[in-house]
Structure formats: structure tokens, C-alpha cells
Amino acid sequence: RLPFLTYLKNSAAISIVNTLGVLFFSSLIGYVFAKRRFPGRDALFVFVLVTSTLPGGVTIIIPWYLLMVKLGWVNTFLPLIIPWLAPALNIFLMRQYIRAGVPDELLDAATIDGCGMFGLYWRIVLPLVRPGLVVIGILQFITVWNDFLFSLLILQKDQVRTATVALTLLATRNEQATPYGPLFAGIVLATLPTIVIFFIFQRRL
């Protein structure tokens with residue numbers, strides 16, 4: 001009675017694109033904070049850390065929603081991807097991981113051989129921090145997949161809903177009694193992808 005496969009595809013599209021974007025930007029920014037020197041670097045990093053302490057569900061919902069409405073992004077996947085591509089906590093984790101796991105001598109040697117700044121990141125840093133990327137990727141994928149509040153606010157049309165929002169439709173489909181059978185089946189289907197992702201990448205943890 002519900003196009004649940006469509007909801008799963010929507011959740012998968014949002015989660016995969018968001019996770020890939022977060023891995024790229026968090027590792028790139030973490031690399032800059034860990035290995036590049038520029039005026040105000042430490043102060044900017046502290047500012048990034050401070051933003052991670054703000055309760056996002058309380059402080060940013062209203063301005064986030066108003067901005068998405070002005071941009072015309074309501075009922076699209078963009079509000080669930082673009083504003084969240086550089087989480088402060090992931091930047092901090094990648095900065096610490098790169099700072100401890102990537103030797104400066106290796107970067108210096110590659111620079112002498114003619115490797116540019118982005119080349120250092122792409123050819124040297126990324127291969128060395130792959131385990132850290134896997135951990136952040138799994139946590140980010142599960143976080144985005146399980147998101148309910150922001151998806152509920154911005155995805156109002158049936159064809160763009162995610163699996164977590166669809167579960168509330170299953171719970172309220174029948175006004176007389178909650179249809180526990182379909183609801184539990186939907187919960188199992190919505191949980192399976194995160195379990196599969198974990199088992200695929202557990203060897204790299």
C-alpha cells in the first residue's frame with residue numbers, strides 16, 4: 001500500500017551522496033588544519049570546535065528551514081545534503097587522525113618531487129587515513145539514514161519521503177489501531193541497509 005522501495009531509494013541516495021561529500025570535505029579541511037600553516041589557523045579551528053557544541057536541533061532548525069524555503073529547495077534532497085557537508089566533529093577527527101598518522105617528512109619529500117597541495121592530499125594523505133575515513137563514513141551514513149526531524153520538515157511530497165518518515169505513516173495508517181505487522185516489517189527494511197554497510201566495512205575498522 002506504500003511505495004516503501006521508493007522511500008528506501010530516497011534514503012539511500014541522500015545518505016550516500018551526503019556521506020561521500022562529508023568524507024571529501026572533512027578530510028580536506030582536516031588536512032589543511034593539520035598540515036598547512038596560515039595566519040589564524042588555530043583560532044579558526046577553535047571556532048569550528050565551538051560550533052560543534054551548539055545544540056543543532058534547537059538553534060538552527062528555524063533559520064535552516066527559512067533559508068531552504070527562500071532557495072526553493074523544499075521537497076528536494078538538497079537541504080539534507082548541502083548544508084551538512086562539513087560537520088565540525090568529523091573535521092576535528094580527521095585533523096587529529098591526519099596530524100598523528102601522516103608524517104611531515106613524507107609530505108616534504110613529495111613536495112620536493114613536484115607534488116602540489118591538492119596532489120599531496122589526494123595521493124599521500126587519503127591512502128594513509130583510509131581507516132579513519134571508513135569509521136567516519138559508517139557513522140555519517142547511519143546518522144543521515146536515521147534522520148527524522150529535518151526530513152519530516154523539508155520532504156512534504158510523498159514521492160520524496162525517506163524511509164524513517166514513511167515509518168510514521170505506517171504507524172498512523174489506521175486510525176483505529178496501530179498496524180504492528182506492517183510497522184515492524186518497515187522497521188526491519190529500514191534497518192537492513194545500515195547492518196549491511198557495517199558488515200561490508202567491518203574488516204577495515
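Visitor: Among contacts in the protein chain between residues at least 6 apart in sequence, how many join residues at least 24 apart?
Guide: The share is 77%. Keep in mind that this is a predicted model.

Visitor: How confident is the prediction, then? What is the average pLDDT of the protein chain?
Guide: The mean pLDDT is 90. A score of at least 70 is reached by 96% of the residues.

Visitor: Where is confidence lowest, and where is it highest?
Guide: Helix α3, residues 56–59, is lowest, with a mean of 68. Helix α1 is highest, at 95.

Visitor: Overall layout next. How many helices and how many strands?
Guide: The chain has 11 helices and 0 strands. From the N terminus on, the elements therefore read α-α-α-α-α-α-α-α-α-α-α.

Visitor: What does the C-alpha trace span along its principal axes?
Guide: About 70 × 40 × 25 Å.

Visitor: And what percentage of the residues count as buried?
Guide: Of the 205 residues, 38%.

Visitor: Let's do helix packing. At what angle do α1 and α5 pack?
Guide: About 55°. The axes of α1 (residues 4–35) and α5 (residues 88–101) are 7 Å apart. That angle makes α1 oblique to α5.

Visitor: Is the crossing left-handed or right-handed?
Guide: Right-handed, as α1 passes α5.

Visitor: Which residues make that contact?
Guide: From α1, Val22, Ser26, Ser27, Ile29, Gly30, Tyr31, Phe33, Ala34 and Lys35. From α5, Asn90, Ile91, Met94, Arg95, Ile98 and Arg99.

Visitor: How do they divide into nonpolar, polar and charged?
Guide: The α1 and α5 contact has 8 nonpolar, 4 polar and 3 charged residues.

Visitor: Now the other pair. How far apart are the axes of α10 and α11?
Guide: They are 9 Å apart. Helix α10, residues 163–171, packs on α11 at an angle of about 170°.

Visitor: How far is isoleucine 197 from isoleucine 136?
Guide: Their C-alpha atoms are separated by 13 Å. Along the chain, the two are 61 residues apart.

Visitor: Switching to leucine 128. Where is it found?
Guide: In helix α7, residues 117–128. Leucine 128 is partly exposed, with a relative accessible area of 36%.

Visitor: Which residues is leucine 128 in contact with, sequence neighbours within four places aside?
Guide: Tyr97, Gly101, Val102, Pro103 and Leu106.

Visitor: And how far apart in space are leucine 128 and valine 74?
Guide: They are 39 Å apart, C-alpha to C-alpha. In sequence, leucine 128 and valine 74 are 54 residues apart.

Visitor: Last one, asparagine 75. What is its phi?
Guide: Near 65°. That is a positive value in a residue other than glycine. Asparagine 75 lies in the loop between α4 (61–71) and α5.

Visitor: Is asparagine 75 buried or exposed?
Guide: Buried. Its relative accessible area is 17%, and buried means under 20%.

Technical notes:
Residues numbered from 1 in each chain as written. Predicted model: local features only at pLDDT ≥ 70, side-chain atom pairs only at ≥ 80, totals over all residues. Heavy atoms only, no water. Axes fitted to C-alpha atoms, helices over the stretch in contact; angles between N-to-C directions. Helix = DSSP H or I, 4+ residues; strand = E, 2+ residues; numbered from the N terminus. Parallel < 35°, antiparallel > 145°, perpendicular 65-115°, else oblique. Left-handed = near helix turned anticlockwise from the far one by under 90°. Contact = heavy atoms within 4.5 Å. Nonpolar A, V, L, I, M, F, W, Y, C, P; charged D, E, K, R; others polar. pLDDT = per-residue confidence, 0-100. Buried < 20%, exposed > 50% of the residue type's maximum accessible area, 1.4 Å probe, protein only.
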